[in-house]
Amino acid sequence: MHLKKVLILILTVAMTAGMLVGCSNNPDNNSNSNKDNKSNITDKNNSKKSISMILDIEGTNNEVMNNAALLALDNAKKKLNIDTNKVESDDSSTFSNSIDILCNDNQDLIIAVGARFAKPLEKVAKKYPKQQFAIVDYEYDKQPSNITSISYEDNKSGYLAGLIAGKMTESDKVGFIGGVKGSSRDKFEAGFKEGIKFSNSSIKDVSIEYVDVFKDSKSAESIAKKMMDNGVDVIFSTTEDDSKTVINAVRAKNKKVITTNKDQHDLAPENVISSIVKDFEKPTYNMIQSFVNGNYKGGEVIENTVQSGSTGLAPNSSQNVPPDVLEYVNKNNK
């Protein structure tokens, strides 16, 4: 009987210890969460870090961002001696569950790539206040203390797109097609409209539409066709498929498009007049490096600027944008 009691006691201690491994979602642990975040990072500075990256739906969706972020993770694994893990998502309804599983897998940092993770990541971050998270290409109105955002100066790059569109439209009708509404897309829209207003007072209104290319891959193309049927001859596309479906529509109608994420000039040399490019690889790598080196602070917004070269107009813009327009843009680049 005595031996039986000892075995039960050992088993109970082992089970209790197992429950304490990984992220804790005990509401009692929410107090002093900022302090816990910092101490959690400091305690592991000298140990091998485990970093996981969760990606949005693959295929053409988020192709540029996903590939660049993965390259950053792979380089970090080689150069920084870390353990890495990649998770690919098939359905947005499973985002929260996927992040939750990673939290219970004892990961030091979980990086979500893309704006569609914003809400589920924020929800899970509240549940696990000691866990560190990051998100690529999104910033919150109120930044959670355990989520770091890699953000871009989309308002300024959108402004540059607006200056070009305002000067190159022949019909004085321009359009904006956004993807996941919120954060960068809102900044793109605001900057674009400001650039249009500054460069062309004849344009009284900008056609604005938002689509979800994840739910309907043809939605952006349909909207682009509708805009062009109504006289729009320049479209600024910021959809998550790297503007590809809008490019197809514009090429068929022989109109003009300004794309995002990377230089898309080669896809339609006569129609892609400019692209807003973003460097996703270096900022992601730098954030991982700061985490490994112990210089990381949870809850920061790392904004990548036009001036730094992390975002801005693609060099190939000179192929289709006249020299006088480029000079005008450079002169009025605020």
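Student: Which residues in α6 meet which residues in α12?

Tutor: This is a predicted model, where local features need pLDDT of at least 70, side-chain atom pairs count only at pLDDT 80 or more, and totals for chains, interfaces and linings use all residues. Residues are numbered from 1 along each chain as its sequence is written, and side-chain values use heavy atoms, with hydrogens and water left out.

From α6, the residues are L160, L163, I164, K167 and M168. They meet V325, Y328 and V329 of α12. Contact means heavy atoms within 4.5 Å. By class, seven residues are nonpolar, none is polar and one is charged. Here Ala, Val, Leu, Ile, Met, Phe, Trp, Tyr, Cys and Pro count as nonpolar, Asp, Glu, Lys and Arg as charged, and the others, Gly among them, as polar.

Now the geometry. Two packed helices are described by the angle between their axes and the distance between the axes. Helix α6 spans residues 154–168 and helix α12 residues 323–331. Both are DSSP runs (H or I, at least four residues), numbered from the N terminus. They pack at an angle of about 145°, with their axes 10 Å apart. The axes are lines fitted to C-alpha atoms over the stretch in contact, and angles run from 0 to 180 degrees between N-to-C directions. The crossing of α6 and α12 is right-handed: the near helix is turned clockwise from the far one by less than a right angle.

Another pair is α4 (residues 95–103) with α5 (residues 118–127). Their angle is about 35°, and their axes lie 9 Å apart. α4 also passes α5 in a right-handed crossing. That contact divides into six nonpolar, one polar and three charged residues.

Note on methods. Helix = DSSP H or I, 4+ residues; strand = E, 2+ residues; numbered from the N terminus.
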